[in-house]
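Biologist: I am new to this kind of model. Could you show me how to read a few of its features?

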Amino acid sequence: MTMDATLSGHLQELRRGTVVVASLTVLRTPGYGYSLLETLSAAGFEVEANTLYPLLRRLESQGLLTSEWNTAEARPRKFYRTTEQGDAIAAALRGEWARLDDAIGDLDTPAGTDSGSDL
């Protein structure tokens with residue numbers, strides 16, 4: 001396997017979980033799928049529609065999102081919003097992300113340098 005293929009696979013795994021956190025965070029304000037795709041893309045999360053829509057359905061079935069149809073416009077749109085449970089899960093995931101980021105940063109500090117520890 002080439003290095004590019006290996007990296008691509010690992011990046012895909014890393015992004016998979018971050019899209020969940022990003023979607024739950026963005027959808028604290030109601031939005032529909034296409035606008036979520038645009039918002040995520042503008043923030044650097046490249047997600048395809050055929051990945052995002054099943055994710056939205058799964059998050060809704062888990063009780064982390066709620067949805068309703070807006071039929072007031074010519075083209076009906078399904079709007080999603082993070083539930084209270086979804087907000088709590090997103091906050092927990094963001095906290096874990098920060099903890100892991102700190103831990104990786106600690107691992108990245110060369111041995112024998114002063115990292116603030118008196119060991």
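Modeller: Start with polar contacts. A polar contact is a pair of N or O atoms within 3.5 Å; within protein, one atom must be able to donate a hydrogen and the other to accept it, and residues adjacent in sequence count only if both atoms are side-chain atoms. Here the side chains of Ser67 and Glu60 are joined by one of 2.5 Å. This is a predicted model, in which local features need pLDDT of at least 70 and side-chain atom pairs count only at pLDDT 80 or more, while totals for chains, interfaces and linings use all residues. Residues are numbered from 1 along each chain as its sequence is written, and side-chain values use heavy atoms, with hydrogens and water left out.

Biologist: In which strand does Ser67 lie?

Modeller: Helices (H or I, at least four residues) and strands (E, at least two) are DSSP runs, numbered from the N terminus. Ser67 belongs to strand β2, residues 65–70.

Biologist: Is Ser67 buried or exposed, or partly exposed?

Modeller: The scale is relative accessible area: buried is under 20%, exposed is over 50%, and partly exposed is in between, with a 1.4 Å probe and protein chains only. Ser67 has a value of 22%, so this residue is partly exposed.

Biologist: What does Ser67 touch?

Modeller: Contact means heavy atoms within 4.5 Å. Leaving out residues up to four places away in sequence, Ser67 touches Glu60, Lys78, Phe79 and Tyr80. Ser67 and Tyr80 are 13 residues apart in sequence, with 4.3 Å from C-alpha to C-alpha.

Biologist: Where is Tyr80, and is it buried or exposed?

Modeller: Tyr80 sits in strand β3. Its relative accessible area is 5%, so Tyr80 is buried.

Modeller: Thr82 counts as buried because its relative accessibility is 6%. Setting aside neighbours within four places in sequence, Thr82 is in contact with residues including Ser23, Leu27, Leu64 and Asp87.

Biologist: How is the length of a helix such as α1 read?

Modeller: The expected span is 1.5 Å times one less than the number of residues. Helix α1 has 24 residues and reaches 33 Å from its first C-alpha to its last, close to the expected 34 Å.

Biologist: Which residues of α1 are buried?

Modeller: They are Thr18, Val19, Val20, Val21, Ala22, Ser23, Leu24 and Thr25.

Biologist: What volume does the largest pocket have?

Modeller: Rolling a probe the size of a water molecule over the atoms shows where empty space is left. On a 1 Å grid over the protein atoms alone, with a 1.4 Å probe, a pocket is an open set of points with protein on both sides within 12 Å along at least five of seven lines; lining residues have an atom within 4 Å of a point. Points are joined across faces, edges and corners, and a volume is the space filled by probe spheres set on them. The largest pocket has about 370 Å³. It is lined by 14 residues, of which Gln12, Arg16, Val19, Val47 and Thr51 are the closest to its centre. Helices α1 (3–26) and α3 (49–61) are the elements that give two or more residues to this lining, and α1 gives the largest share, 7 residues.

Biologist: How do the residues of that lining divide by class?

Modeller: Ala, Val, Leu, Ile, Met, Phe, Trp, Tyr, Cys and Pro count as nonpolar, Asp, Glu, Lys and Arg as charged, and the others, Gly among them, as polar. The lining of the largest pocket has 5 nonpolar, 4 polar and 5 charged residues.

Biologist: What lines the second largest pocket?

Modeller: Its lining includes Tyr32, Tyr53, Trp69, Arg75 and Tyr80. The pocket has a volume of about 220 Å³. Strand β3 gives the most to its lining, with 3 residues. By class, that lining has 6 nonpolar, 1 polar and 4 charged residues.
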